[in-house]
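This report describes one protein chain and the two ligands it holds. Please keep the sequence and the structure in view while reading.

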Amino acid sequence: MPPHPLASLLYGTRTKMVIPFKNILNLEKEKGFRWGYPGMVVVIRGHEELFFDFSSNGLRDDCVVTVLRTLEAVRALQESVILTPHEKKDADAAAAENQLLSGVREDLHADRDADPSEILSRIESGTPMIFDDPNASILDFKPTKAMRITCLTIGSRGDIQPYIALCKGLLADGQHPRIATHREFQGWVEKHGIEFAPVEGDPAELMRVCVENGMFTPRFLYQATSQFRDWFDGLLTSSYEACKGSDLIIESPSAMAGIHIAEALSIPYFRAFTMPWTRTRAYPHAFAVPSHKQGGAYNYMSYAFFDNLFWQISASQINSWRRKHLGLKPTSLEKLQPNKVPFLYNFSPSVVVPPLDFSDWVRVTGYWFLDEGTAWTPPADLQAFIDKARADKQKLVYIGFGSVTVSDPRELTQHVVDAVLKADVRCILSKGWSDHFDKKDASVPEVPLPPSVFQIRSAPHDWLFKQIDAAVHHGGAGTTGASLRAGVPTIIKPFFGDQYFFATRVEDLGVGIHLRKITVNALGKALWIATHDDRMWGKARLLGEQIRNEDGVATAITAVYRDLDYARTLIKKREVKIEGGGEVEDTEEAWTFVENDSDGDVARLGEPEVVWPASSSRAQGSWGGGGAYGKRTSLGSMVLRGGQRTG
Ligand SMILES: O=c1ccn([C@@H]2O[C@H](COP(=O)(O)OP(=O)(O)O[C@H]3O[C@H](CO)[C@@H](O)[C@H](O)[C@H]3O)[C@@H](O)[C@H]2O)c(=O)[nH]1
Ligand SMILES: CC(C)[C@@H](C)/C=C/[C@@H](C)[C@H]1CC[C@H]2C3=CC=C4C[C@@H](O)CC[C@]4(C)[C@H]3CC[C@]12C
């Protein structure tokens with residue numbers, strides 16, 4: 001697509017920027033940065049947003065409309081499969097070059113397959129290797145011996161389910177995976193043939209503190225630090241027990257213990273998560289999503305803020321556990337260097353586009369779906385309800401808020417029912433939010449449901465979402481993945497934490513609506529738009545197709561194999577253990593390989609100091625290019641690079 005020039009007037013300067021239209025996701029009208037000026041926010045794929053101030057509303061609105069129109073035209077073109085003569089020429093040239101290169105490679109590496117041990121010996125001797133063959137098999141990276149891999153996680157269904165999918169993949173690939181989490185999930189984990197180890201904690205209790213107080217609000221911090229101290233001690237010790245004997249730990253950072261346990265066991269350590277947790281200017285931290293976009297500096301700072309806050313409130317307990325149970329010296333954020341840890345994000349790169357400033361060891365793998373719907377038969381009455389909606393040519397929506405509990409469930413149900421009637425749609429209702437309430441006071445009568453609403457307890461979303469025209473939910477990472485994969489418009493009413501992030505994301509992608517409040521009018525209107533807006537429907541359908549083409553589990557397993565050597569380089573040398581409180585040798589120089597607090601900048605400037613194997617993954621991975629951009633100091637150059645990367 002030809003780039004289009006946009007000019008913006010920064011105070012006292014003139015800046016010219018080139019933004020390819022295909023990299024613009026969306027436009028928003030907002031208040032300008034300067035008081036009294038109308039503003040416009042440009043949301044860019046995998047990049048921080050750009051802000052423009054205008055001298056009048058008319059000018060701003062004109063600009064918004066013009067850009068939106070052009071975007072539509074560009075999108076229509078992109079969707080068409082016919083190549084322009086120019087594109088055809090490029091494609092032919094690329095194919096010819098590829099063929100030429102593979103010919104050369106075959107000659108050079110004719111004997112490679114015959115001797116994989118040569119690769120291993122080169123790894124051991126520290127000879128840098130560059131993997132530039134796009135057809136290289138992952139067998140080249142796969143460890144020769146099966147590994148005992150412990151996946152450590154806490155939280156609710158959505159925090160466990162992705163690991164079940166991952167572990168099924170690892171099992172099939174000959175590894176020995178284990179899931180370490182709350183007892184409540186033992187049966188479910190074992191049903192899938194995966195080994196289980198218990199860690200402390202009651203998911204409902206963790207959920208309650210989040211929903212009632214909001215994530216990391218002063219009230220949350222007060223409750224966590226006053227009521228969860230004992231639990232936290234139990235979590236740390238039980239996690240250590242659960243991880244003993246492993247060759248590798250993959251941990252959701254919310255579980256907090258893994259990085260230290262890996263240090264004590266001297267084994268490689270990966271993080272995996274459902275929500276953004278790694279510094280970037282493109283997205284805010286999952287728990288710090290502002291109601292209006294604040295730009296790259298805010299986004300970046302939000303991670304530093306959370307890393308510090310999280311560490312500050314847990315440090316003293318962690319350090320005394322390290323000393324007593326792990327035999328390790330106290331640590332600090334600078335020593336831990338969490339930003340160096342290889343990271344697997346189990347969301348789709350089409351939903352959360354990997355930002356330019358992610359390091360090479362941070363991978364966005366695609367969702368780890370656990371399909372439970374294939375062997376599931378719907379109850380006859382549910383099937384009849386769906387068939388009737390189809391026969392009556394009525395739009396069918398799903399409404400459910402997962403494991404979230406609310407203070408007035410009766411009112412919520414009433415609003416939902418009224419909104420469904422107002423939007424004139426049929427609705428499958430999963431009323432999880434009442435469970436909590438029913439237990440408390442069963443005498444309060446239920447809200448009667450009209451015939452257009454059918455209530456279910458639960459159903460596998462991979463089956464259910466194929467039947468519907470739109471979904472309304474809480475924006476849990478997994479549920480968002482499920483409705484986007486089905487290609488249906490997604491309305492998200494967030495309750496806490498990362499749900500605000502996913503609500504913003506679906507709105508930015510144009511595939512859904514961020515619902516701020518559940519009122520009859522707001523939900524009714526959102527339902528109507530989601531079931532009638534062709535543009536939203538088209539975008540959702542396209543995104544669904546992209547997600548269905550990804551294989552998150554396979555990508556993640558490949559990433560684990562590829563980054564394993566990198567992870568090993570981070571293992572801290574620990575010649576001397578604390579024993580009987582004796583003298584401990586300071587081993588700091590043995591593992592500190594960047595200066596304090598510069599790591600963020602290093603990652604941003606894209607000059608990774610670990611040249612290998614980071615460079616190898618860069619040459620291979622589809623995320624590539626992490627280290628390839630130069631200094632990025634001005635808005636203009638950032639935009640240009642955005643274009644280079646995806647263009
Ligand atoms: O009837 C049901 C209910 C759920 N699911 C699936 O179960 C998973 C639930 O995942 P998710 O939405 O991520 O989980 P929750 O436990 O509801 O959400 C918690 O965990 C998520 C992952 O960390 C966070 O994003 C949320 O904020 C947090 O509330 C998804 O794959 C759903 O498709 C079904 O198939 N059928
Ligand atoms: C000093 C201790 C007591 C402090 C640090 C601990 C606070 C706990 C209660 C907080 C810290 C991080 C929180 C946390 C992080 C992320 C998630 C994922 C989400 O999907 C469910 C809630 C869950 C699992 C919550 C639960 C409550 C946690 C675990």
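Ligand 2 is surrounded by 18 residues, and the closest are D159, A224, R229, S254 and I313; a residue counts as near a molecule if one of its heavy atoms lies within 4 Å of it. The model is a predicted one, in which local features need pLDDT of at least 70, side-chain atom pairs count only at pLDDT 80 or more, and totals for chains, interfaces and linings use all residues. Residues are numbered from 1 along each chain as its sequence is written, chains are lettered from A and ligands numbered from 1 in the order in which they are written, and side-chain values use heavy atoms, with hydrogens and water left out.

**The two ligands**

Taken alone, ligand 2 exposes 620 Å², and the protein buries 97% of that. Such accessible areas come from the Shrake-Rupley method with a 1.4 Å probe; for residues, only the protein chains shown count as cover. Helix 6, helix 7, helix 8 and helix 10 (296-326) are the elements that give two or more residues to the shell around ligand 2. Helix 10 gives the most, with four residues. Helices (H or I, at least four residues) and strands (E, at least two) are DSSP runs, numbered from the N terminus.

Around ligand 1 there are 22 residues, of which S156, D159, H461, T479 and D498 come nearest. Helix 4 (157-172) and helix 16 (477-485) each supply at least two residues of this shell. The table lists polar contacts, meaning pairs of N or O atoms within 3.5 Å; within protein, one atom must be able to donate a hydrogen and the other to accept it, and residues adjacent in sequence count only if both atoms are side-chain atoms.

| Residue and atom | Ligand atom | Distance |
|---|---|---|
| D159, polar side-chain atom | oxygen of ligand 2 | 2.9 Å |
| D159, side-chain N or O | oxygen of ligand 1 | 2.6 Å |
| A477, backbone N or O | oxygen of ligand 1 | 2.8 Å |
| G478, backbone N or O | oxygen of ligand 1 | 2.7 Å |

Ligand 1 taken alone exposes 710 Å², and the protein buries 92% of that.

What kinds of residue form the shell around ligand 2? The shell divides into twelve nonpolar, four polar and two charged residues. The shell around ligand 1 divides into seven nonpolar, twelve polar and three charged residues. Here Ala, Val, Leu, Ile, Met, Phe, Trp, Tyr, Cys and Pro count as nonpolar, Asp, Glu, Lys and Arg as charged, and the others, Gly among them, as polar.

In helix 6 (residues 203-213), the buried residues are P203, L206, M207, V209, C210 and N213. They lie on the same side of helix 6 because they cover an arc of only 165° around the axis; the arc is that of the directions from the helix axis to the C-beta atoms. Buried means under 20% relative accessible area, exposed over 50%, and partly exposed in between (1.4 Å probe, protein chains only). The buried residues of helix 6 pack against helix 7 (218-227) and helix 8 (229-243), where contact means heavy atoms within 4.5 Å. At the start of helix 6, a side-chain oxygen of D202 reaches to within 3.1 Å of the backbone nitrogen of A204. Just after helix 6, G214 takes a positive phi of about 80°.

Helix 7 has F220, L221, Q223 and A224 as buried residues. The exposed residues P218, R219 and Y222 are on the face turned away from this buried side. The buried residues of helix 7 pack against helix 6, helix 8 and helix 10.

**The whole chain**

The chain contains 24 helices and 18 strands. Of its 647 residues, 55% are buried.
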